[in-house]
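Here is a briefing on one protein model. The points are grouped by topic.

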Amino acid sequence: MSNKGPYSVAELKTLANGSQGWGKYLLLEKNQRKLKDGREVINLKVGDASGEIDVVCWDNCQISGQLENGYVVGVLGDMGTYNNRSQLTARRIKILEDDPAPYMRGPGVPVQKLHYEFKLLLNSIDNSFMKTLLERIFNEATEKMFVNAPAARKIHHHYTGGLLEHTLNVARSCKHAAESYPELNRDLLITGAILHDIGKIWEYEIKAAPQYTAAGRLMGHIVLGSELLNEKIKELRQEGMDFPDKLEWMLKHMILSHHGSLEFGSPVVPLFPEAFVLYMMDNLDAKLFVYKEKINENAGQDELFTSYDSFFGQYFFTYRLPSENNGGQDE
């Protein structure tokens with residue numbers, strides 16, 4: 001196996017069905033089960049810094065070593081599709097001793113650069129109550145957790161640094177909205193953007209891939225975030241700050257309503273403009289991430305459309321119109 005490849009995940013996804021590929025990946029998920037006909041099958045999800053791919057291991061697959069999440073594995077297999085998704089049917093798998101860190105995915109921009117921008121964003125808040133609250137929340141320990149946390153387990157920004165990247169994207173969009181609509185309170189909108197997913201630092205933990213914590217599974221990040229605000233505002237009042245009741249209500253409401261509807265996990269719907277804008281910008285960033293991912297990982301046979309995605313219930317149009325300022329020419 002060591003004399004073959006390696007291919008990256010992206011290269012594997014461009015191989016035609018039946019092509020053989022070899023690569024080294026981080027083992028993210030493992031599910032072993034027995035089929036109705038008695039055969040055993042192992043389904044894996046593996047990935048590297050460029051993406052992820054599904055692997056199926058039938059009983060004729062040669063496995064060297066113990067398959068455990070978080071280990072780097074060498075995989076030799078045949079490319080195909082199953083349920084309209086790329087899938088590698090493994091012939092041989094070997095557990096390797098490589099450091100898993102280089103195989104872990106992260107934001108497209110260095111985390112250090114994102115962190116610097118985040119600090120500038122915190123310092124841009126003028127309202128004394130919100131500024132003090134943010135300083136109290138983002139102590140050294142919490143800020144370290146925030147910078148390293150994922151934004152989700154699977155759907156969007158699901159990697160170390162993903163929460164920081166997603167939060168900044170949402171905050172940037174909210175900042176532009178405040179510039180376009182002067183009636184919006186800029187500090188309230190940006191503070192809500194910074195805090196809307198703060199509960200995710202306790203909802204997930206990074207192992208080989210993001211996994212729910214017990215608190216995350218039982219309560220979820222919306223409740224955890226609202227409880228954090230309760231705790232910190234109570235501390236400030238005990239120390240003599242006359243934190244306004246209405247501001248407390250509005251900040252909590254922005255956390256509680258940012259999924260937009262009861263159907264998607266919010267206990268209340270947005271009831272004032274800044275809460276509505278936050279919901280829209282949060283949804284926009286998550287959805288744009290999905291479009292980008294689906295277009296980049298296209299495994300369909302059609303030049304212009306991905307395969308049908310059963311999870312999202314649609315195809316994705318892959319053509320990107322060249323930008324004139326980049327010197328692109330339409331085809």
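## Briefing

At 23% relative accessibility, Arg136 counts as partly exposed. Buried means under 20% relative accessible area, exposed means over 50%, and partly exposed lies in between, with a 1.4 Å probe and protein chains only. This is a predicted model: local features need pLDDT of at least 70, side-chain atom pairs count only at pLDDT 80 or more, and totals for chains, interfaces and linings use all residues. Residues are numbered from 1 along each chain as its sequence is written, and side-chain values use heavy atoms, with hydrogens and water left out.

**Overall build**

- The protein chain holds 11 helices and eight strands. Both are DSSP runs numbered from the N terminus: helices are H or I with at least four residues, strands are E with at least two.
- Along the principal axes, the C-alpha atoms of the protein chain fill a box of roughly 70 × 50 × 40 Å.
- Of the 331 residues in the protein chain, 44% are buried.

**Salt bridges**

- The count comes to 14 salt bridges. A salt bridge here is a side-chain nitrogen of Lys or Arg within 4 Å of a carboxyl oxygen of Asp or Glu.
- Arg136 and Glu239 meet through their side chains in a salt bridge, at 2.7 Å from N to O. Arg136 lies in helix α3 (residues 128-137) and Glu239 in the loop between α9 and α10, so the pair ties together parts that are 103 residues apart in sequence.
- Glu239 is exposed, because its relative accessible area is 55%.
- A network of salt bridges links Arg136, Glu231, Lys232, Glu235 and Glu239.
- Asp245 and Arg237 form a salt bridge between their side chains, at 3.0 Å from N to O. Asp245 is partly exposed, with a relative accessible area of 45%. Arg237 is partly exposed too, with a relative accessible area of 31%.
- Arg186 pairs with Asp187 in a salt bridge, and their closest N and O atoms are 3.5 Å apart. Arg186 counts as partly exposed, at 25% relative accessibility. Asp187 counts as buried, at 10%.

**Second largest pocket**

- The second largest pocket has a volume of about 610 Å³. Of the 24 residues that line this pocket, the closest to its centre are Ile155, His156, His259, Asn283 and Ala286.
- Pockets are found on a 1 Å grid over the protein atoms alone: a pocket is an open set of points where a 1.4 Å probe fits, with protein on both sides within 12 Å along at least five of seven lines, and lining residues have an atom within 4 Å of a point. Grid points are joined across faces, edges and corners, and the volume is the space filled by probe spheres set on the points.
- α7 (200-203) and α11 each supply at least two residues of the lining of the second largest pocket. α11 gives the most to that lining, with six residues.
- The lining of the second largest pocket divides into 11 nonpolar, six polar and seven charged residues. Ala, Val, Leu, Ile, Met, Phe, Trp, Tyr, Cys and Pro count as nonpolar, Asp, Glu, Lys and Arg as charged, and the others, Gly among them, as polar.

**Nonpolar surface patch**

- Leu304, Phe305, Tyr308, Tyr315 and Phe317 make a nonpolar surface patch of about 470 Å². Patch residues have over 30% relative accessible area and no salt bridge, and nonpolar side chains (Val, Leu, Ile, Met, Phe, Trp, Tyr) are joined within 5 Å. Accessible areas come from the Shrake-Rupley method with a 1.4 Å probe, and for residues only the protein chains shown count as cover.
- Leu304 lies in the segment after α11 (273-296). Leu304 counts as partly exposed, at 34% relative accessibility.

**Loop positions**

- Gly240 sits in the loop between α9 (220-238) and α10 (245-257). Gly240 is exposed, with a relative accessible area of 65%. From C-alpha to C-alpha, Gly240 and Met104 are 45 Å apart in space, and 136 residues apart in sequence.
- Glu183 has its place in the loop between α5 (162-180) and α6 (186-195). Glu183 counts as exposed, at 61% relative accessibility.
- Gly161 is in the loop between α4 (140-148) and α5. Gly161 counts as buried, at 0% relative accessibility.

Definitions and conventions. Patches are made of residues with over 30% relative accessible area and no salt bridge: like charges are joined within 9 Å, nonpolar side chains (Val, Leu, Ile, Met, Phe, Trp, Tyr) within 5 Å.
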